[in-house]
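Take a look at the model below. The text walks through its helices and then its sheet.

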Amino acid sequence: MIENDIFYNIRHLTLSEKVMILNDAYALHERWWVDILDCNISFARQKVEMSFEDIMLKFYEKAHFVVIHRKSFEHYGEIGFCTLKSPEYFLWINLLVEKLQYIVSKFDLKPMI
């Protein structure tokens, strides 16, 4: 049986707390990557080579930020953001569940209801 993913409430976090979460996730990651969506070129996201430091320069207050415990086929943590500006950049950071739980505890994140 496939379980539902757990999305964590991050609305109360400040920009600096979100940056700390992203930095912690990067330090603990299993894998990470950046995608770009430039609809002038393609309507599909494309993987792009970019350093973590460079993608973090694109993070700002109104970026769409997520902390998720994915449970579909395999359990893992997903933390990242989308810039919501054209072209759109997406940062994906995957973590082991134990490392996700460390971040959830450290920042006292609660599941969204």
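H1 and H3 cross in the right-handed sense in this predicted model. Their axes come within 10 Å, and the crossing angle is roughly 155°. Angles over 145 degrees count as roughly antiparallel, so H1 is roughly antiparallel to H3.

Which residues make the contact between H1 and H3? On the H1 side they are Ile 21, Asp 24, Ala 25 and Leu 28. These meet Lys 99, Tyr 102, Ile 103 and Lys 106 of H3. Five residues of this contact are nonpolar and three are charged.

Strands of a sheet pair through backbone hydrogen bonds, in a parallel or an antiparallel way. Here the pairing is antiparallel. The sheet is open and has six strands, in the order E1-E4-E5-E6-E2-E3. Strand E1 (6-7) and strand E3 (46-48) are the edges, and each pairs on one side only.

Two bridges join E1 to strand E4 (residues 64-70), in the antiparallel sense. Across this pair, Phe 7 stands opposite Ile 68 in E4.

Both helices also pack on the sheet. Helix H1 (residues 15-28) touches strand E2 (31-37), E4, strand E5 (76-82) and strand E6 (88-95). The direction of H1 makes about 55° with that of E6. Helix H3 (residues 97-106) touches E4, E5 and E6. The direction of H3 makes about 130° with that of E4.

Definitions and conventions
Residues are numbered from 1 along each chain as its sequence is written. This is a predicted model: local features need pLDDT of at least 70, side-chain atom pairs count only at pLDDT 80 or more; totals for chains, interfaces and linings use all residues. Side-chain values use heavy atoms; hydrogens and water are left out. Two strands pair if DSSP finds at least two bridges between them. Helices (H or I, at least four residues) and strands (E, at least two) are DSSP runs, numbered from the N terminus. Contact means heavy atoms within 4.5 Å. Axes are lines fitted to C-alpha atoms, for helices over the stretch in contact, and angles run from 0 to 180 degrees between N-to-C directions. Angles under 35 degrees count as roughly parallel, over 145 as roughly antiparallel, 65 to 115 as roughly perpendicular and the rest as oblique. A crossing is left-handed if the near helix is turned anticlockwise from the far one by less than a right angle, and right-handed if clockwise. Ala, Val, Leu, Ile, Met, Phe, Trp, Tyr, Cys and Pro count as nonpolar, Asp, Glu, Lys and Arg as charged, and the others, Gly among them, as polar.
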